[in-house]
Amino acid sequence: MSIFPRISLKPEVTDYLRSVFLNDEVLAAVGHQEAECRFQKLLTCLSHPPSYTCVRASTHLAPLEEIRHKLGEELKKQMCSSSAEEASVQILPHPQIPDVLLLPVDGPRPVEQLSSEVVVGAQCGSAVLRGAHVFVPGIVASPKYMKAGDVVSVLSDLDGRCTRGATSFQGNRVFVGNGVAQIDRSGIFCTDEPAKGIGVRMVEPLYQSPSFDGVLPNMAFLQNLPSVVVGHVLGPRPGERILDMCAAPGGKTCHIAALMRDQGEVVALDRVRNKIDRIRQNAQMLHLRSIKAYCFNSTRAVSSDPTQGAEGPPFPPESFDRVLLDAPCSGLGQRPSMSCTWSLKEICSYQPLQRKLFHAAVRLLKKSGVLVYSTCTVTLAENEEQIAWALETFPCLTLQPQEPHIGAEGMLGAGLSPEQLRLLQRFSPELSWDQTGTAAPLPRRADGDTIGFFIAKFLKD
C-alpha cells in the first residue's frame with residue numbers, strides 16, 4: 001500500500017531517470033504505457049520500506065536453526081518489555097540462501113498523528129521505517145517544553161530545511177509514527193557536549209519491525225537481501241586470497257570471510273580511516289581473523305613494481321583469486337528513501353570512478369579468477385552500460401551465470417544481447433510493487449520487494 005508520496009527528486013534527475021526507464025530498447029519491448037507505469041512504480045516504491053527485514057546469520061559460528069531460535073527468544077523478550085500486544089515474531093529461513101532469515105514488517109499501520117511533534121532528519125526517518133528508535137543526533141526540532149516521558153509524533157524532514165533547535169516546522173515532512181521522549185529538550189539542544197543515545201523510543205511506528213539494537217550482535221547481522229546475494233555469487237572458497245575494493249562498512253567483507261570458513265585471506269580496502277576501524281570492529285565481533293583492512297585508494301591498488309613484497313597495498317598484478325568491486329554509486333536503489341537532493345551532475349559523477357576501479361580490479365585478478373561488480377543504484381550508466389564497456393575494454397572478461405539468481409535479468413538499453421542480459425542480476429522492486437501484498441508467502445515477496453541493486457559476475461580468461 002502506498003501511504004507516502006513518491007521519492008522527491010530534482011526535476012532534472014526525474015527527467016533523466018525517465019529517459020533511462022523509457023529508453024528506445026525498453027519502449028520497443030514493452031511499449032510506452034508499460035514503461036511509464038514501471039517508472040512511476042519505481043518512484044513510489046523507493047519511498048516505502050520493503051515488507052520484511054533481512055538478517056544474515058553468522059552460520060560460521062552456529063547452525064542457522066540455533067541462531068533462529070536464539071533470535072526468536074531475544075525478540076520475544078524485547079516485545080514483552082515494550083507495550084506490544086503480541087509477544088511473538090515470525091522468523092523464516094530463505095528457501096534458497098542458507099544464511100538468511102526473514103522477518104515480516106507490519107505496515108502501514110493505522111496510527112493517529114498527535115499535535116506534539118518531533119522533527120528528525122530524512123536519514124533518521126528512513127531508519128525509523130526500518131525498525132529503529134530515534135537517536136538524539138537525528139533530532140532537529142522538538143516542542144518548546146518537551147520533557148522525558150512525553151508522547152510525541154515523529155516527522156521526517158524530507159528536504160533538510162528544518163533549522164536545528166526549532167520548536168516547530170511546517171515544511172516538506174512526513175509522519176512516521178509515535179514514540180515516548182527519553183530526554184528533555186534542554187538535554188538535546190542546550191548542552192556543551194553532543195548528546196547521545198535514544199531520544200525517542202518508538203511505540204507506535206507506521207511500520208512495525210523489531211529493533212536490533214544490541215540483539216545478538218555477533219549472530220544476527222542486518223543486511224539487505226541483494227547484499228547477501230553478492231557474497232554467494234562471488235563464491236569464495238577456503239584458502240583463497242580475496243580483495244574487497246570498496247569495503248566499508250564491512251558487511252560484505254565479513255560475509256566473504258564467513259563463507260570461506262575464515263580460512264584464507266580477505267583484504268579490505270577503503271579510503272576513509274574511521275570506516276576501516278569499523279570493518280576491524282565488525283571482524284572482531286564476528287570472530288573473523290582472516291580479514292586484513294587497509295586505508296587505501298583502490299584506484300591506486302596496483303603496484304608498478306611487480307617485485308614488491310609488502311603485505312599491504314599496493315599489490316602486484318594478479319594477486320587475488322577473486323575480487324569484489326561493490327562500487328561507489330549514486331545509491332538511487334536504497335529504500336526507504338523519500339528524498340534525494342542531489343543534482344544531475346552529482347548523480348552522473350560516478351561512472352568515471354567506477355571505470356578506474358574496474359581497470360585496477362582486472363589487473364589485480366589472477367587468470368581464471370572471478371570478478372563481481374555490484375551497485376545499489378538503478379541507472380543504466382552505472383550498471384548495464386558499465387558491463388557493455390567492460391566487455392569491450394577487457395577482452396579477457398566473460399560474463400558468468402550467477403548462483404543464486406533470484407532477481408530479474410539486466411535492463412534493456414545498453415545494447416547487450418538477450419543472453420548477456422540473462423546472465424546479469426538486477427533487483428527491480430518496481431516489477432513486483434503491486435504484487436507484494438501480505439497474502440503472498442514471505443519468501444516469495446522477499447525476492448522481489450528489495451532495494452534496487454545490480455550484480456554482474458565475470459571470469460578472467
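**A walk around Cys376**

Let's start with Cys376, which is buried, at a relative accessible area of 17%; buried here means under 20%, exposed over 50%, and partly exposed in between, using a 1.4 Å probe and protein chains only. The model is predicted, so local features need pLDDT of at least 70 and side-chain atom pairs count only at pLDDT 80 or more, while totals for chains, interfaces and linings use all residues. Residues are numbered from 1 along each chain as its sequence is written, and side-chain values use heavy atoms, with hydrogens and water left out.

UniProt, in an unreviewed entry, puts the feature "active site" at Cys376; its positions follow the numbering used here, feature names are shortened, and annotations may be inferred rather than shown by experiment. You'll find Cys376 in the loop between β15 (365–375) and α12 (384–393); helices are DSSP runs of H or I with at least four residues, strands are E runs of at least two, and both are numbered from the N terminus. Leaving aside residues up to four places away in sequence, Cys376 touches several others, including Cys329, Gly331, Gln334 and Phe453, where contact means heavy atoms within 4.5 Å.

With Cys329 in touch, what about a disulfide? A search of the whole structure finds zero, a disulfide being a pair of cysteine sulfur atoms within 2.5 Å. The sulfur of Cys376 lies 3.6 Å from its closest cysteine sulfur, in Cys329, and that is too far for a bond.

Next comes Ser330, in the loop between β14 (320–326) and α10 (344–347). Ser330 is buried too, with a relative accessible area of 5%. Its side chain makes polar contacts with the side chains of Thr377, at 2.7 Å, and Glu382, at 2.6 Å. A polar contact is a pair of N or O atoms within 3.5 Å; within protein, one must be able to donate a hydrogen and the other to accept it, and residues adjacent in sequence count only if both atoms are side-chain atoms.

Elsewhere, six strands form an open, mixed sheet in the order β5-β9-β8-β7-β4-β6; two strands pair if DSSP finds at least two bridges between them. At the edges stand β5 (134–135) and β6 (139–141), each with a single partner strand, so one side of each has no neighbour in the sheet. Strands β8 (173–181) and β9 (198–205) run antiparallel and are joined by five bridges, and Gly177 has Pro205 as its bridge partner in β9.
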